[in-house]
Amino acid sequence: MTDGQAETSTAPTVEIRNLHKRFGAHEVLRGIDFHVNDREVVVVIGPSGSGKSTLLRCVNLLETPDQGQVMIDGTDICQADTDVNEVRRKIGMVFQQFNLFAHLTAVDNVTIGPRKVLKCSKIEAEQTAQALLDRVGLAEHANKFPAQLSGGQQQRVAIARALAMNPEIMLFDEATSALDPELVGEVLGVMRSLADEGMTMMVVTHEMSFARNVADRVVFMADGVVVEEGTPEMVLENPQHARTQQFLQQVGDR
Amino acid sequence: MTRNQRSTLTQWGVFALGLVILGVTLALTVRWGALADRFFKWDDFSGQFPQIIFEAARNTLIYTVIGFSGGLIFGLVAALMRQSSVPPARILATLYIEIFRALPALLTILIVGFGIPIAFGAENLPSFFRSLYGAGGFALALVSGAYLAETIRAGVEAVPRGQVEAARSLGMTTTQTTRSIVLPQAFRVILPPLTNELVLLLKDTSLLAVLGVAIGERELTTWGRTFSNSIGNYTPLTAAAVCYLAITVPLSQLVKYVEKRTKAGQR
């Protein structure tokens with residue numbers, strides 16, 4: 001990319017070319033081409049074991065690709081001279097198991113990134129954290145430890161923690177899969193409001209209603225390749241491939 | 001009476017009967033008078049105080065603190081080196097741990113205590129290392145560090161992988177992640193075994209006597225032996241035992257309390 005600001009750039013925020021990844025003898029990703037444009041919400045669906053989580057984890061290098069390119073704002077982050085930590089601070093990540101820091105309160109979970117990585121002052125970081133916890137509806141739980149919060153509350157703190165770094169893109173790795181059914185809604189609500197505010201998002205999920213209502217584009221993966229992609233209407237209502245049709249039938253189009 | 005109550009009653013009955021048999025046997029065989037005379041003479045006991053506290057208990061604590069702080073540093077460095085991705089670091093740490101866990105603490109103290117002045121020349125050593133505090137404390141730190149390394153490693157491995165991934169995905173470096181996320185949680189897990197190591201080390205300070213103890217450097221066991229010899233009565237040993245108990249029992253209670261408090265909030 002040239003000297004232009006990210007805002008005016010036409011290059012996708014995330015662009016993945018011919019990505020391969022194997023664990024032992026099993027090739028999980030077999031040549032993926034994928035992109036997320038600025039302010040776009042891309043939902044990745046597919047059966048378990050299809051490689052969707054691995055693809056997502058390659059975007060912030062929690063997994064190291066074996067072959068191919070992962071471009072963030074036009075820079076290939078797989079190059080040896082890339083500062084991985086510099087790349088990661090621009091990419092927010094939300095995990096299936098929340099992964100809140102168990103020894104820190106909710107507010108400390110949110111402030112630790114800005115304080116350690118961005119070197120913000122304690123006061124500044126705490127003001128931001130309070131605002132973010134308020135935004136996810138947890139202002140009054142700021143001083144509780146993760147174990148004192150429900151799964152849905154923990155996941156919302158985790159979203160606030162990722163937002164505290166002021167990321168350019170947010171990655172959601174099956175963010176609602178570990179939640180009790182009655183707690184899914186509160187987390188999806190926060191994700192939806194983020195999407196409405198124009199956050200660039202890559203979402204791996206089994207929530208078909210979220211894909212249908214929030215996604216700008218739906219990508220269906222199976223056996224380590226992208227089978228089909230397009231608008232939610234195209235992929236979910238009128239799938240072209242047999243594999244997609246079979247999957248949608250199996251999940252009962254929830 | 002229910003079946004449960006009856007079986008509880010039987011258990012207590014057997015226990016009480018055993019206690020009575022033991023008591024009668026001891027009462028008939030032990031020469032209580034001689035024992036009280038040699039080990040529990042009140043004047044000799046109270047005569048140890050307060051000097052035994054100001055010199056011997058104080059020194060025991062100083063050796064323990066030096067040995068344990070040094071041991072924590074050695075142990076932490078060895079534990080982290082053992083998990084390093086650099087092979088020489090792993091090999092070095094493994095060597096250290098295996099060697100010092102394999103040797104008796106007494107032998108390590110003798111070799112380190114006599115070996116270092118010969119190796120470097122006593123006159124070249126800083127004065128701290130010429131005293132028992134430095135030489136003995138260093139030897140104890142080497143011994144306890146080897147054990148602590150394994151304890152700390154177990155604690156680090158008990159921290160879920162997701163904690164590290166979450167920290168790294170915020171952009172934190174490996175060092176920041178280890179210091180702010182992994183170690184605080186690891187130390188919470190290993191608090192009980194850590195106390196155990198501390199108490200073991202406290203008792204091992206008695207081994208330092210083999211290096212030769214100057215007046216003023218005596219710890220509790222040495223104090224007890226010295227004064228038993230000089231007054232021809234074993235009561236100073238009893239006084240030393242009381243002092244050890246007065247240190248270790250409140251210590252383990254304190255740790256229990258801290259453990260309970262940290263658990264209240266988390267997990």
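Q: What is the handedness of the crossing of α8(B) and α11(B) in this predicted model?
A: This is a predicted model. Helix α8 spans residues 132–158 of chain B and helix α11 residues 191–204 of chain B. Their crossing is right-handed.

Q: Are α8(B) and α11(B) roughly parallel or roughly antiparallel?
A: The axes of α8(B) and α11(B) come within 11 Å and cross at roughly 165°. Angles over 145 degrees count as roughly antiparallel. Therefore α8(B) is, relative to α11(B), roughly antiparallel.

Q: Which residues of α11(B) make the contact with α8(B)?
A: From α8(B) come Leu140(B), Ser144(B), Tyr147(B), Leu148(B) and Thr151(B). By class, the residues of this contact are six nonpolar, two polar and two charged. On the α11(B) side stand Pro193(B), Leu194(B), Glu197(B), Leu201(B) and Asp204(B).

Q: Which residues does α4(B) bring to the contact with α5(B)?
A: α4(B) passes α5(B) in a left-handed crossing. The α5(B) side includes Leu92(B), Tyr96(B) and Ile97(B). The α4(B) side is Phe74(B), Ala78(B), Met81(B) and Arg82(B).

Q: How many charged residues are in the contact of α4(B) with α5(B)?
A: Arg82(B) of α4(B) takes part, as do Arg90(B) and Glu98(B) of α5(B). Asp, Glu, Lys and Arg count as charged. Besides eight nonpolar residues and one polar, the contact has three charged residues.

Q: What area is buried between chain B and chain A?
A: The contact takes 20 residues from chain B and 24 residues from chain A. Carbon and sulfur atoms give 58% of the buried area. The total is about 2,000 Å².

Q: In which helix of chain B is confidence lowest?
A: The model scores ipTM 0.91 and pTM 0.85. Chain B has a mean pLDDT of 93, with 99% of its residues at 70 or more. Confidence is highest in helix α9 (residues 161–169) of chain B, at 97. The lowest, at a mean of 87, is in helix α7 (residues 127–130) of chain B.

Key. Residues are numbered from 1 along each chain as its sequence is written. Chains are lettered from A and ligands numbered from 1 in the order in which they are written. This is a predicted model: local features need pLDDT of at least 70, side-chain atom pairs count only at pLDDT 80 or more; totals for chains, interfaces and linings use all residues. Side-chain values use heavy atoms; hydrogens and water are left out. A crossing is left-handed if the near helix is turned anticlockwise from the far one by less than a right angle, and right-handed if clockwise. Helices (H or I, at least four residues) and strands (E, at least two) are DSSP runs, numbered from the N terminus. Contact means heavy atoms within 4.5 Å. pLDDT is the predictor's confidence in each residue, from 0 to 100. Buried area is the accessible area (1.4 Å probe) that two parts lose on being put together, summed over both. Axes are lines fitted to C-alpha atoms, for helices over the stretch in contact, and angles run from 0 to 180 degrees between N-to-C directions. Angles under 35 degrees count as roughly parallel, over 145 as roughly antiparallel, 65 to 115 as roughly perpendicular and the rest as oblique.
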